[in-house]
Amino acid sequence: MDELNNQVIGNQTDNGLIENESKNNDLKIDDEKIKIEDVKANKNLRILTGDRPTGRLHIGHYFGSLKSRVELQDKCETFIEVADVQALTDNFNNPDKVKQNVSQIVMDYLSVGIDPNKATILLQSRIPEIAELTVFYSNLVTIARLQRNPTVKTEIAQKRDLFGESVTYGFLGYPVSQAADITAFDASLVPVGEDQLPLIEQCREIVRKFNSIYGDTLKEPVAVMSEKGRIKGLDGNEKMGKSLGNALYLSDDLNTINEKVMGALTDPARIKKDDPGNPDICMVYYYHKLFSDENTCKNVCEECKKGLRGCVACKKQLIENINKELEPIREKRHYYENNPKEVMDILMSGTAHAREKAKETMEKVKKAMKLDY
Ligand code: TRP
Ligand code: SF4
């Protein structure tokens, strides 16, 4: 990792980075993944992340990715893609859902502090170059390799209701389209959760194959892992999700937060207030660690273990701290809910800016592939 830092810092000082020739090796990041704290401020480094617009964002997204994006937008050039075309790969029968969630997700971004003056928010379907690249890249990937992708494999198994025994060409191929997302904007860094690593790996393979056949053109992206892993649901489930009914949404109002936290899983062995508890198996304590200060957490833990703390009071204190964090987000969200045109304007102007980058990539790709008529 030290080596990486030196290289990135080195590039910063010699400043020969990217400039006219944006070939990957200018960067010399050899690692395939790095930690978020290893990303040094460097406006010459472009970051690309994205989400499928299939639902509102929740606390899992907030701690898992949104907070780090807010930090990264000050360090690197940040692009955030609303991946509506990818969302259709497993929601092709529900275009209304995808459409409605496009503006919802942009509102979530803006309300947590993603700043359109710093970061570019873009809409995938408005960048036809991504679709074009997907077609070109599809020659560089075998069907067997796609079928072996662990993320795709898991998702296909989870989506039996939709796909039955036979998955669509579009869904099986979405890693190819995601490689197009990343390379279209010449991104160096891709902040993602653990589950997305196989997709970045597949993108790197496509890039290497492309460069070996058509000449050095594309950049191999590096995955950036956030320090917080997946956030558990209020019911203790490893995953937080809409279908599981265990998520706290950024758009939840006071009453909803209240109800959800009151129903959270606590130490089931605790019946009376003076029963000694085990905070380590309690979701309320787990959430205190996300929302409350260190001192509060220490008190919760000690008092619970000694039987000096009631679960209801403990939950109330958590609700208060959650609301402290969410209130400014909610306020901003209300503003954007009342100004939907502003939201779409931000998305469309970000898209126009991003498309310029995609066009530059397209030109290089077509030249390399001898399609530059
Ligand atoms: N597959 C990602 C997810 O489900 C979303 C996504 C689409 C993405 N395109 C991307 C993530 C490009 C990173 C880079 O969360
Ligand atoms: Fe959980 Fe708090 Fe009850 Fe302990 S007192 S079991 S930490 S809710």
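## Confidence

Residues 1-28 have a pLDDT under 50, and the model gives them 29 contacts beyond four places in sequence. pLDDT is the predictor's confidence in each residue, from 0 to 100; two residues are in contact if their C-beta atoms, placed from the backbone, lie within 7 Å. Over the chain the average pLDDT is 90, and 92% of the residues score at least 70.

This is a predicted model, in which local features need pLDDT of at least 70 and side-chain atom pairs count only at pLDDT 80 or more, while totals for chains, interfaces and linings use all residues. Residues are numbered from 1 along each chain as its sequence is written, and chains are lettered from A and ligands numbered from 1 in the order in which they are written.

## Domains

The domain assignment, which is automatic or from a database, divides the chain into domain 1 (2-231 + 340-368) and domain 2 (254-335). Their C-alpha centres are 35 Å apart. In the contact between them, 5 residues of domain 1 meet 4 residues of domain 2. Helix H4 (residues 95-112) contributes the most to the domain 1 side, with 4 residues. That side has 4 nonpolar residues, 1 polar and no charged. Helices (H or I, at least four residues) and strands (E, at least two) are DSSP runs, numbered from the N terminus. Ala, Val, Leu, Ile, Met, Phe, Trp, Tyr, Cys and Pro count as nonpolar, Asp, Glu, Lys and Arg as charged, and the others, Gly among them, as polar.

## Ligand 1

Around ligand 1 there are 14 residues, of which Gly 50, Ala 83, Gln 86, Gln 178 and Asp 181 come nearest; a residue is near if its C-beta atom, placed from the backbone, lies within 6 Å. Strand E2 (46-51), helix H10 (174-184) and strand E5 (189-192) each supply at least two residues of the shell, and E2 gives the most, with 4. By class the shell has 5 nonpolar, 5 polar and 4 charged residues.

## Ligand 2

Cys 282, Val 284, Cys 304, Cys 311 and Cys 314 come nearest among the 14 residues around ligand 2. Helix H13 (283-291), helix H14 (294-306) and helix H15 (311-337) each give two or more residues to this shell, with the largest share, 3 residues, from H15. The shell has 8 nonpolar, 2 polar and 4 charged residues.

## Helix H11

Just after H11, Gly 215 takes a positive phi of about 95°. Buried residues of H11 include Leu 199, Ile 200, Cys 203 and Phe 210; buried means that 20 or more other C-beta atoms lie within 10 Å of a residue's own, C-beta atoms being placed from the backbone. H10 and E5 are among the elements that cover the buried residues of H11.

Note on methods: A residue is buried if 20 or more other C-beta atoms lie within 10 Å of its own, exposed if 12 or fewer, and partly exposed in between; C-beta atoms are placed from the backbone.
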